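Dear colleague,

Here is the structure I promised to pass on to you.

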Amino acid sequence: MTRGRTTTVKMTLTGLMAALICLLGPFSVPVPFSPVPLSLCTMVIYFAVYVLGLGLGTCSVTIYLLLGLIGLPVFSGFTGGAGKLLGPTGGYLIGYLFIACISGLFIKKWGTSYTLQNLIICFFGMTFGTIVCYLFGTLWLSYQLSLSFTTALSVGALPYIPLDILKMILALLLARSTKKRLNVSGFF
């Protein structure tokens with residue numbers, strides 16, 4: 001594959017992943033005990049980073065956040081704008097960058113081989129990225145709503161752990177087969 005075609009393919013895949021995040025990000029389920037809704041956004045981010053790698057995966061997340069920042073309704077509940085990023089759940093949105101970067105570092109090192117051991121290591125990378133996202137989001141939620149850190153943690157992060165584990169597993173399984181097909185097709 002020529003260099004120009006490779007660049008075009010990578011740019012296209014990055015845009016498609018950003019579009020996928022924008023498409024699924026707004027679909028969320030509000031929960032009565034928390035300002036943080038249930039969303040598929042993190043699953044798509046795990047998927048994008050595994051398929052695209054550290055740089056392009058993080059780029060797709062950045063595109064998503066910038067589109068939301070300028071007001072496109074790509075955040076949960078079909079919202080957008082700076083107010084959403086600066087509001088109580090904005091720390092979790094910014095935390096998506098931590099998920100992409102940290103997961104991407106693990107995937108860059110261990111995501112090229114599809115052994116069970118390497119998938120487990122990639123899973124732990126996603127977990128670590130999610131923990132940093134939780135920490136950043138919880139600190140911001142605590143500050144915005146004048147909650148203690150433990151209260152913010154109990155309403156903004158702890159209830160979401162089981163679902164996020166499931167999203168990581170699903171993303172790994174889907175991304176692994178997608179990446180294999182892209183490799184066989186000569187895209188990477």
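Which residue takes a positive phi just after H2? That residue is Gly53, with a phi of about 95 degrees. Before going further, please note that this is a predicted model, in which local features need pLDDT of at least 70 and side-chain atom pairs count only at pLDDT 80 or more, while totals for chains, interfaces and linings use all residues. Residues are numbered from 1 along each chain as its sequence is written, and side-chain values use heavy atoms, with hydrogens and water left out. Helices (H or I, at least four residues) and strands (E, at least two) are DSSP runs, numbered from the N terminus.

H2 is mostly covered, as 12 of its 12 residues are buried, where buried means under 20% relative accessible area, exposed over 50% and partly exposed in between, with a 1.4 Å probe and protein chains only. Among them are Cys41, Met43, Tyr46, Phe47 and Tyr50. The end C-alpha atoms of H2 are 16 Å apart, which agrees with the 16 Å that its 12 residues should span at 1.5 Å a residue; the expected span is 1.5 Å times one less than the number of residues.

H3 has 16 residues and reaches 22 Å from its first C-alpha to its last, close to the 22 Å expected. Its buried residues are Gly57, Thr58, Ser60, Val61, Tyr64, Leu65 and Gly68. These residues lie on the same side of H3 because they cover an arc of only 155 degrees around the axis, the arc being that of the directions from the helix axis to the C-beta atoms. H3 is followed by Gly71, whose phi is positive, near 115 degrees.

Phe78, in the loop between helix H3 (54-69) and helix H4 (82-86), has a positive phi of about 55 degrees although it is not a glycine, and at 46% relative accessibility Phe78 counts as partly exposed. Ser146, in the loop between H6 and helix H7 (149-156), likewise has a positive phi of about 55 degrees without being a glycine, and Ser146 is exposed, with a relative accessible area of 68%.

**Cysteines**

The count comes to zero disulfides, taking a disulfide as a pair of cysteine sulfur atoms within 2.5 Å. The sulfur of Cys22 is 8.3 Å from the closest cysteine sulfur, in Cys41, and is therefore too far for a bond. Both residues are buried, Cys22 at 13% relative accessibility and Cys41 at 1%.

**The cavity**

The structure holds one cavity of 30 Å³ or more. On a 1 Å grid over the protein atoms alone, a cavity is a set of points where a 1.4 Å probe fits but cannot get out, and lining residues have an atom within 4 Å of a point. About 320 Å³ of space lies in the largest cavity, the volume being the space filled by probe spheres set on the points, which are joined across faces, edges and corners. Of the 24 residues that line the largest cavity, the closest to its centre are Val36, Pro37, Thr42, Tyr92 and Tyr96. Strand S2 (34-39), helix H2 (41-52), helix H5 (90-110), helix H6 (116-145) and helix H8 (161-184) each supply at least two residues of this lining.

The lining divides into 14 nonpolar, seven polar and three charged residues; Ala, Val, Leu, Ile, Met, Phe, Trp, Tyr, Cys and Pro count as nonpolar, Asp, Glu, Lys and Arg as charged, and the others, Gly among them, as polar.

With best regards

Key: 1 Å grid on protein atoms, 1.4 Å probe; cavity = no way out; pocket = protein on both sides within 12 Å on 5 of 7 lines; lining within 4 Å.
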